[in-house]
Structures are given as C-alpha cells and as structure tokens.
Amino acid sequence: MRFDLRGWIGAALFVIGPFVSFYGYWGIITWSGYSKPTMISLVLLLLGAAAFLIGCLLVLVGRVQHHVVSPAEALNSPLQELARRR
C-alpha cells in the first residue's frame, strides 16, 4: 500500500494538527490570568482539532494498493488447478 497525494496531505495534517492545537491551548493558558482568551488562540485550537480529524479521514481515503502477480503465482492459482483437473 502506498499514499497518493490525498494520503500524504492527510499524514501531514495528522501530525501537524496536534501541534497547532497545542499552541492554541498554550495561548489560552498563558493569557488566561490577564484577560479573556484571545481569538487567535481559540482559532488555533479549533483549526488544529479540525486538521487532525480531517487528516485521519484523508489517510484512510488516500491509500492505493498495488499488487503484481508473478508468473509462479499465476501457475499455482486455484483456477489453474481446476483447469488441470478437467
């Protein structure tokens, strides 16, 4: 299995999302004693959470499976065995 472009974007969002959320949460904790949480911190927190969830979906959707049948596998397939018996 390999990733196509959507899979790679999903993997990047899956990894980067929690870091973005951390910076948003850190901003809320840092500034909570002085005033209300800043809008930038809240937006970062929500963007990081959304990026993580979207990344999970894109990792699942963006997979491609390549399968190559070798000649030895083709000769030993169950259909070939049935054809030989008849």
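Tutor: Before we look at any residue, let us settle a word: a residue is called buried when its relative accessible area is under 20%, exposed when it is over 50%, and partly exposed in between, using a 1.4 Å probe and the protein chains only. This is a predicted model, in which local features need pLDDT of at least 70, side-chain atom pairs count only at pLDDT 80 or more, and totals for chains, interfaces and linings use all residues. Residues are numbered from 1 along each chain as its sequence is written, and side-chain values use heavy atoms, with hydrogens and water left out.

Student: Which residues of helix 2 are buried?

Tutor: Helices are DSSP runs of H or I with at least four residues, numbered from the N terminus. In helix 2, the buried residues are S41, G48, A51 and G55, and helix 1 (5-31) is included in what covers them.

Student: With which residues is S41 in contact, leaving aside its neighbours within four places in sequence?

Tutor: Contact means that heavy atoms lie within 4.5 Å. By that rule, S41 is in contact with G24, G27 and I28, and S41 itself has a relative accessible area of 6%, so it is buried.

Student: Is F19 buried or exposed?

Tutor: F19, which is found in helix 1, is exposed because its relative accessible area is 53%. The C-alpha atoms of F19 and F52 are separated by 9.7 Å, although the two residues are 33 residues apart along the chain.

Student: What span does helix 2 reach from its first C-alpha to its last?

Tutor: The expected span is 1.5 Å times one less than the number of residues. Helix 2 (residues 39-61) has 23 residues and reaches 33 Å, close to the 33 Å expected.

Key. Helices (H or I, at least four residues) and strands (E, at least two) are DSSP runs, numbered from the N terminus.
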